[in-house]
Each structure stands twice: as C-alpha cells, then as structure tokens.
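The entries follow the order in which I looked.

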Amino acid sequence: MKKLFLSLTLFSVLFSSLAVRAADPAPPPPKDPTMEQRVQDLEAYINNAGRQADTATNNVKSNIGGSGPGHNAWMMTSAALVLFMTLPGLALFYGGLVRKKNVLSVLAQCLGITGLVAILWWLFGYSFIFAGGDGATAWMGDFKKFAMLNGVDSNPNTDYSYWVSHNVFSMYQMMFAIITPALIVGAIAERMKFSAILLFVALWMAIVYFPFAHMVWATDGLMCGPLNPKASIKAIDFAGGTVVHMSSGWSALVLCLILGKRLGFGKEPMQPHSMVMCMIGTGMLWVGWYGFNAGSAVAADGVAANAFMTTTMATAVASFVWAMAEYIFKGKPSVLGFCSGAVAGLVVVTPACGFITVSGAILIGIAAGLIPYFAVVKLKGWIGYDDALDTFGVHAVGGTLGALLTGMLARNSANANLATNLKDYVKDTYFQPLLGQQLIAIAITLVLAVVGTIVIAMIVKATIGLRANEEVETVGLDLAEHGEEGYHG
C-alpha cells in the first residue's frame, strides 16, 4: 500500500510540473525594427559595419538578413580574379618562360595543384586557418569546427566580415591557398617529377602554409595585429606578402638547391620559348591581382578602393623602373624586363596596399623595380643557384622587401583600422614601432619556410624521389610525364 501511495504521489508531482511547464508563456516573437533601426542597418551596410537591429540583444529582427549583395558580389568577383591569376595567368607566365619541351608540364603542375589544394581546403585546411573554436590557438585553428566545410554556409562569419557570405569568404581564401604553392613551381621547373611535386605540395600546405596563414590572418592568430588585440606580434600583412610570397619564395630557393641544377645549366642556352605567352600571362596576373589585393578588404569599401589605387601605381612604376634599369646597364629594355618588373611591383606592394598612401606606393614601385632586379641579375649569378624562373629573386626578395616597407610606410590616413589595435605602433614615421614587429614576422617566416621545406623535401626524396631521371629531363617532361606535346610540326 505504501508503494502504491508513493507512486501516486510521484506521478502527481510530475504531472503538476509538466502542467506548470506547459502553462509557461512562450517567448515573444522578434519585433520588427523601428524606422530608426532600419536606417541604422542601411548605414551599417554602406559603411561595412555590424547590424544595429539584432535579435540576440534586443529581440528585434533586422530586415536585412544574410549577406549584403554589393559586398558579396565584389568578393565573388575577387575570388574569380585570384583563381584567374593561377589559371591561366601564372600557368601562361611560367609556361612561356620554360623551353617548349616542358611547357605542358608547367600547365599540368598548375592544374594539379589547384585540384589538390581544393581537396585539402575542404578536408581541413579552412578549419585549420580560420576556425576559432575550442581547439584554436595562436598557432593553429580548430580542426573539427569547419572540417569538410561543415557550417560554412551563405550567412556571414562576422569574425571576418559583417556582409560577406561565409562560403564566399572561404572560397576567396582558397584561391590564395592555390596560388601560393604554384609559385614554387617556377624555381624547380623542367626537372622535378610530377608525383614528387604533388606529395611535396600536400605536405607543405599542412606544415607551412596552413599554420602560417592562421598566425597572420586569423582573428586569434599570433601575428594578426589588425584583428587580434592579444596578438603577441603586432605585425600586418594586408594581402599576403609574408604568407604567400615570402613563404613560397624562400621555400622555392631551398627546394631548388636540394634538387640541383638542370642538365646543361650554364653550358647551353635555356631561353624562354615564348615571350608572347609570358607577356599574356603577366597581363592576366596584373588584372587578377586586383582581386588579390583590393579583395583583401573583404568588402567593396574605401579600403578596397585605396588598395586598388596603390596596387596600380606601384606595379606600373616597378615595371617601368626595371626596364629602365636594363636600358641603362644593358643598353636594351626587354619585354621580359617589363614583365618581371610588373610582377615584382605586385609582389612588393601586396602586404602594404591597404595600409599605405599613393606616395608610399610610388616609393614601393621604385624599390620593387631595383632591388629584385639586382637579385635576379647579379645575386643569382654570384651564388650560382638554378632558380629556373626567378621565383626567389622576385617573390622571396620582393616579399621580404614588401614586409619591411609595410612597416615603414603604413599610415593612419590610408586605413583608420590601424588605430584600433595598432595605435601604439603606427606613428606615421618611417622608423615607427611597427617596423620592429615586421622584422620579427620576417624572421619567423624565414625559419618556418626554410626548416619546413628542408624536412619535407628530405621526406619526399627518401620515399618517392624528387627528380626526374636524365633521360626524362633530356626528352622533356611533356612527353615523358604527360604523354603530350605542346606544339606539333
């Protein structure tokens, strides 16, 4: 009887609890925004700021949902432009500079790297760089949060943009990940096995690029001065001077030294087989670079407009200065000189473009036309390394120079965001405190790229081998590795 009484008592308590719970009033539905809030939301969209009507704070639902069409359109265009830099821009630029028996090998390498990196990006790369989950640190992101791009939908990730879809932002950043290892191809052209390139790139992305991109661009990254108030190193890199050009350029030097010189290097002519193709590729790189640099504002705003302008001026000046240096020292300005100068200008201005004035861009253009020129024409001969297409001279030297000049030329008048976390470092002088932070970032980049590449190259060499055999190299990689020829007759 006691058990029955106890059971009935418990049942009545449970029933009463459920009845009370059922009687609880439902939360009120979100209210429509007032006219003032609607205007504030519109102003926020125009100014690339956060929405004012927010259900999380005041139970008011914004009438502007999801991404903003203008900013999204610009970022989708920018993503396409950055892919255009690799396919076909870099492919044609490098393809024209090699001998005709190896032209298809360069195109195949660019295509292969594009697909491989896209798979790695989907699998864990994006999460490694940009996920700020529980597993994220100053050195790497959270592997699980955005793995396989789960949760990366059309709503904005407000860590990086209030108005750009998360999936658009992810695809834009993927294009950077694609072109960076493709740049390395220039140093080892005409002699490295295709299988070795794919294995090297897969390891290099995981060991070098993904961690470094997180450190420089993630909101909790070690060296992300603009976005991370707790960054240990208050460095800045607007569009990839250290992440893209320094990392690939210094890695390219190490890899070409380990790989060794091409057969006949220094004994037989190895002239570009098509300067027309090289010039077309250069033009495509220049056009695509607007997505690379101006797109790094992650909005169609004033910062993007300034980056567009500074990129143009620095590139045009560098192209002219390089060719004029040839005119003075060699007696003839070459098309290759104009092309090399343009690419050098693009490289050097990349980390600075969103932080400098037009006058700063002119100074960068002059430096970019002279210092990488010296590295390609003089330094390469003095040291004797076989950097087939001058990846080190343009990208490593240019990227390092760009990171340094960014520290000297960043100005508050060019980008008001510098005053947020960097007000103690950007003083609008050439030797401002920011310069010291840039030097530290340069040193870390050098160590990570050089040591990482040595380890990876040795692993590949010990497992599948790095270099094509002499017969393959003599015949050409096109026929031997891909069974095709670029030209017939």
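The entries below start with the whole chain and then go to single sites.

**Ground rules.** I am working from a predicted model, in which local features need pLDDT of at least 70 and side-chain atom pairs count only at pLDDT 80 or more, while totals for chains, interfaces and linings use all residues. Residues are numbered from 1 along each chain as its sequence is written, and side-chain values use heavy atoms, with hydrogens and water left out.

**Whole chain.** I counted 17 helices and 0 strands. I boxed the C-alpha atoms along the principal axes and got roughly 105 × 55 × 40 Å. Of the 489 residues, 54% are buried (under 20% relative accessible area; exposed is over 50% and partly exposed lies in between, with a 1.4 Å probe and protein chains only). I then took the contacts (heavy atoms within 4.5 Å) between residues at least 6 apart in sequence, and 73% of them join residues at least 24 apart.

**Cysteines.** I looked for disulfides, meaning pairs of cysteine sulfur atoms within 2.5 Å. The count by this rule is 0. Cys-339 is in no disulfide either, with the sulfur of Cys-278 as its nearest at 4.4 Å. I noted that Cys-110 is buried at a relative accessible area of 0%, and that Cys-339 is buried at 2%.

Points are joined across faces, edges and corners, and a volume is the space filled by probe spheres set on them. The structure has 3 cavities of 30 Å³ or more.

The largest cavity holds about 60 Å³. Its lining includes Val-216, Met-223, Asp-237, Thr-242 and Gln-438. I sorted that lining by class and got 6 nonpolar, 2 polar and 1 charged residues (nonpolar: Ala, Val, Leu, Ile, Met, Phe, Trp, Tyr, Cys and Pro; charged: Asp, Glu, Lys and Arg; polar: the others, Gly among them).

The second largest cavity holds about 50 Å³. Its lining has 10 nonpolar residues, with no polar and no charged ones; among them are Ile-113, Pro-181, Met-192, Phe-200 and Leu-255. Helix 6 (166-184) and helix 7 (194-217) each supply at least two lining residues. Helix 7 gives the most, with 3.

**Ile-456.** I found this residue in helix 15 (residues 434-463), buried at 0% relative accessibility. Which residues does Ile-456 touch, not counting those up to four places away in sequence? They are Phe-200, Leu-203, Trp-204, Ile-207 and Val-208. I also checked Ile-179, 277 residues away along the chain, and its C-alpha atom is 19 Å from that of Ile-456.

**His-245.** I placed this residue in helix 8 and found it buried at 1% relative accessible area. Leaving aside neighbours within four places in sequence, its contacts include Leu-183, Trp-289, Phe-292, Val-347 and His-395.

**Aromatic rings.** I paired rings of Phe, Tyr and Trp (its six-membered ring) with centres within 6.5 Å, calling planes under 30 degrees apart stacked, over 60 edge-to-face and the rest tilted. The whole structure gives 26 aromatic pairs. One of them is Phe-130 with Phe-169, edge-to-face at 5.2 Å centre to centre and 75° between the planes. Phe-130 lies in helix 5 (residues 103-130) and Phe-169 in helix 6, so this pair ties together parts 39 residues apart in sequence. Phe-130 is buried at 3%, and Phe-169 is buried at 4%.

Phe-238 and Phe-355 form another edge-to-face pair, at 5.3 Å centre to centre and 90° between the planes. This pair links the loop between helix 7 and helix 8 (241-259), which holds Phe-238, with the loop between helix 11 (335-349) and helix 12 (358-383), which holds Phe-355, 117 residues apart. Both Phe-238 and Phe-355 are buried.

Last, I traced a cluster linked by ring pairs, which includes Trp-121, Phe-130, Tyr-160, Phe-169, Trp-204 and Phe-210.

Definitions and conventions. On a 1 Å grid over the protein atoms alone, a cavity is a set of points where a 1.4 Å probe fits but cannot get out, and a pocket is an open set with protein on both sides within 12 Å along at least five of seven lines; lining residues have an atom within 4 Å of a point. Helices (H or I, at least four residues) and strands (E, at least two) are DSSP runs, numbered from the N terminus.
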